[in-house]
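Have the structure open and follow along.

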Amino acid sequence: MHLRFSQDIKSLLQRLSEKSLTLGDILAETSERGFSLVIALLVLPFLFPMPPGLAGPFGAACLLLSVQMVLGRRSPWLPKRIANYKFPRSFAQLLLQNLGRLTKVLQKIARPRLAKIAHNPLTWRINGFCISWLTLLLMLPIPFTNPIPTVGILLLAVATIESDGLLICVSYVITALITLLFAFIGYALWLAPSWLPSIFK
């Protein structure tokens, strides 16, 4: 694994599969990179089948971290209740089993590029805003849509860790497309009550 993201995430997941670590423990060890690493760790499960009830807590933690990015913070902070959350070992083992496939895809698209964009303080804030927005979409109670904003969040997290300015720009476009897709879904759901009677006539 050549990506820092893959190496860091794999190391974290292996430790989590051996013993319980809290979100606070992980943030304390990873410092500034902890923003993107923990955000990636929180949203990775939404790409795979996962137990119900995690979208709320994981989404809330992801939203808190991304809002801090918008505010320009470089040292992540979480309330004690969320920081003391311990990841179940089964959760880490499930993600480890699927990480290889994800890494193969990411290795093909992520590498250090356009450093001026990647390291610009404004980019950090915009990334935080996009992740915050995608997290809100992720938390919407719309069935089968979780993987869509998750892809956008993961791309932004990976691009930030790998200092890939080009992938960051691509992620902005993807964020806009995801927004349009959810706007279409929302419009369709809004019209559904008037469509259904005519369909079943």
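## Aromatic pairs and helix packing

With a relative accessibility of 62%, Trp190 counts as exposed, since the cut-off for that class is over 50%. Keep in mind that this is a predicted model.

Trp190 has an aromatic partner in Tyr187: the ring centres sit 6.0 Å apart and the planes are at 35 degrees, which makes the pair tilted. Both belong to helix α10 (residues 165–199), and because they are three residues apart there, about one helical turn separates them. Tyr187 comes out as partly exposed, at 48% relative accessibility.

A search of the whole structure turns up three aromatic pairs. Another of them joins Phe58 and Tyr85, and this one is edge-to-face because the planes stand at 80 degrees, with the centres 5.7 Å apart. Here the pair links distant parts of the chain, 27 residues apart: Phe58 is in helix α4 (residues 55–70), while Tyr85 is in the loop between α5 (80–83) and α6 (89–109). Phe58 counts as buried, at 3% relative accessibility, whereas Tyr85 is partly exposed at 26%.

Now for the helices. Here are two packed pairs.

| Helix pair | Angle between axes | Axis distance |
|---|---|---|
| α3 (residues 34–43) and α9 (residues 147–161) | roughly 155 degrees | within 9 Å |
| α1 (residues 4–18) and α6 | about 165 degrees | 8 Å |

How are α1 and α6 oriented relative to each other? With an angle of about 165 degrees, α1 is roughly antiparallel to α6. Their crossing is left-handed. On the α1 side the contact involves Phe5, Ser6, Ile9, Lys10, Leu13, Gln14, Leu16, Ser17 and Glu18, and these meet Arg89, Ala92, Gln93, Leu95, Leu96, Leu99, Thr103 and Leu106 of α6. Sorted by class, that contact has nine nonpolar, five polar and three charged residues.

Over at α3 and α9, the angle is over 145 degrees, so these two helices are roughly antiparallel as well. The crossing of α3 and α9 is left-handed too. From α3 come Ser36, Leu37, Ile39, Ala40 and Val43, and from α9 come Thr150, Ile153, Leu154, Ala157, Thr160 and Ile161.

Key:
Residues numbered from 1 in each chain as written. Predicted model: local features only at pLDDT ≥ 70, side-chain atom pairs only at ≥ 80, totals over all residues. Heavy atoms only, no water. Axes fitted to C-alpha atoms, helices over the stretch in contact; angles between N-to-C directions. Helix = DSSP H or I, 4+ residues; strand = E, 2+ residues; numbered from the N terminus. Parallel < 35°, antiparallel > 145°, perpendicular 65-115°, else oblique. Left-handed = near helix turned anticlockwise from the far one by under 90°. Contact = heavy atoms within 4.5 Å. Phe/Tyr/Trp six-rings, centres within 6.5 Å; stacked < 30°, edge-to-face > 60°. Buried < 20%, exposed > 50% of the residue type's maximum accessible area, 1.4 Å probe, protein only. Nonpolar A, V, L, I, M, F, W, Y, C, P; charged D, E, K, R; others polar.
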